[in-house]
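Please examine the sequence and the three-dimensional structure shown here before reading on.

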Amino acid sequence: MGRSSIDSGKKIHWFGAWTAIAALTILAMPGASRYFSVAAQSSRAPIQISVDMSEAPRHIFHAHMVIPASPGPLTLFYPKWIPGEHMPDGPISDVAGLKFTANGQTLVWHRDSVEMFEFHVDVPAGATSVEASLDYLNPVDGNGFSAGPSATSQVSILEWNDVLLYPAGSKSDDLTYVPRLRLPDGWKFGTALPDAKQQGNTIQFGAVSLTTLVDSPVLAGAFFRQIRLATDVKPPHFLDLAGDSAASVDIPAEELDAYNKLVREAGALFGARHYDHYDFLLSLTDHFFPNGLEHHQSSDNRAPERTLLDNDLREMNADLLPHEFAHSWNGKYRRPAGLATPNYDVPMKGDLLWVYEGLTQYIGETLSARAGTRSEDAYREALAATAAYLDYQSGRNWRPLQDTATAAQTLYLITGKAWFSYRRNVDFYDESWLIWLEADTIIRKQTGGKKSLDDFCRSFHGAPSTGPKLVPYTFEDVVAAMNAIAPYNWTKFFRDRLDYVGPRAPLGGIEGSGWKLEYNEFTNTHIQAEEHTDGTINFTYSLGMTVKADGSVLDVIPAMPAAESGLAPGMKVLSINGKAWSVDVLHDLVSKTKDRPATIELLADNDGYSKTYRVTYKGGERFPHLVKIDGQPDLLSEILRPLTTSTPKN
Ligand SMILES: [Zn+2]
């Protein structure tokens, strides 16, 4: 059943004017001059777009557009910079069958020789529109984000930017699209798009701005469930589930309770909402790349098929919906000026991603515990695993955290683990968890417990409640808002942590919250869940390496025993001390080094040549945990305490 039958109260929102800050920032961007040299397009008639997903199970989406145009040159753009992905990863190479016609005549088209996302046609005399068709060839494997695999024989997600063109030089707010969608037989769907009218397999939606269209994916599938969450809360929230099996969408009552609570906890945290309705779109399939993409009134959450049924998968995805939901406030409503671009061809600047993504990481993790998508114990284990991983990250000795944000567009697509620690990846997520935790503890201490980061969220992201709206900010705005909650040298606090190059992660927040990071031989439950779900076997804190169950070396940490022996990513361990490779044998040998050093001989294959690597180590198995500091107030438990006390029925 479609959304229209449940919620008829949706309204179309025309996004408001740009603030002076955003306009100035855009003017300073590469490509801005071209953007502003084009006459205003706001008087354009709506563009009709029809997408046929009836062949989604064959990994092909067909799109047809009718674009109002006048005779003469017409330049059309395929979305390049994708909101929420912070990089120019529009899947241009997966576009096929491109064809333009006007008045029934096929038009010659050519691609810009520099800008690969730009297409030129000449509109013939007498024509009032151009018809454009294209096929989007949905990848069958790989790990792109929204441009990755998005269709199976049972479930599919449509991100509209994959299937459309728009007139170059226009603001996405100023273009109107009237979307129409065809689904495979018997599939149901969920989306934040308004005014859905379904007839058979075809759904006609109401007119929306291009901004709203690109911001409103559709999740559809054969096994589909839509559940209204927290029915006492307005505006309405829905959990839309589509998976590869009936069992995959059969959400246990306790998990559903946590999502009901998530809706309430987020409302209590921010004190206002900036959407007219919200859809958590959750696809459950092993054939998509697990990820989440935030939108203003929905989120595209992708998780393995058994996520709602398997405890390890639940732990690994405990912060998925909380994180993407928090983005509606932090990322969509409030957005760094450099990411608040007017359309999808103006480049984005990622320097404030440690706020956009980093604060969202902190809020999402906090909400996971407050709502109960994981227990407080599980939260602490996840925090310990994250802090330890960052503390051992060798790339921090050359790359400041700030650079991980600034260079995000070059880092996101690195998904292999080879030299991961030395490279340093998008640490502005996880390390900002530590930094914002520290900021929270400082506010609590500076104000004698009267204020917290929750107050910052309420002032920065909160009242008044509005429909979807974008309010950009700068670094200075963040500092000013922090100072308004608790005066402190926040500029120095953030810059010290963002610009630092050297060993050790910023652990001040853990210690300031009454806990410390310690290592012992007992496994960390989060690391164990990761091992069970993704197959990464973690010897990071002992030998300084991660391996697969088959002996493939995923990564080594420079200057730690495995790397010192000469082992490197890409090698495959064949035997240990002369015995055939097995993870258990390695665990046994490492555990025996607790009190006395040993040299473990690993015979490894390196591209067809084998050699013995001697790893000398003492210290036994080591896994990170948080341990309470005696006599210090437990601020962490205070931070994780739910804000809502009553527990209504759902
Ligand atoms: Zn995010």
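The structure is a predicted model, in which local features need a pLDDT of at least 70, side-chain atom pairs count only at pLDDT 80 or more, and totals for chains, interfaces and linings use all residues. Residues are numbered from 1 along each chain as its sequence is written, and side-chain values use heavy atoms, with hydrogens and water left out.

The predictor's confidence in each residue is expressed as pLDDT, from 0 to 100. For this protein the mean pLDDT is 93, and 93% of the residues reach 70 or more. Residues 1–42, however, have a pLDDT below 50, and this stretch has 91 contacts in the model beyond near neighbours in sequence; a contact means heavy atoms within 4.5 Å.

Helices (H or I, at least four residues) and strands (E, at least two) are DSSP runs, numbered from the N terminus.

H323 counts as buried at 7% relative accessibility, and E357 counts as buried at 2%. Here buried means under 20% relative accessible area, exposed over 50%, and partly exposed in between (1.4 Å probe, protein chains only).

Attention now turns to the backbone. The loop between β17 (223–229) and β18 (237–243) contains P235, which is joined to K234 by a cis peptide bond with omega of about -5 degrees. A230 is placed in the loop between β17 and β18; although not a glycine, A230 has a positive phi of about 35 degrees. A230 is buried, with a relative accessible area of 0%.

Another cis peptide bond runs from A463 to P464, with omega near 0 degrees. P464 is located in the loop between α14 (453–461) and β23 (471–473).

Finally, D607 is found in the loop between β30 (598–606) and β31 (609–617). D607 is not a glycine, yet has a positive phi of about 55 degrees. At 67% relative accessibility, D607 counts as exposed.
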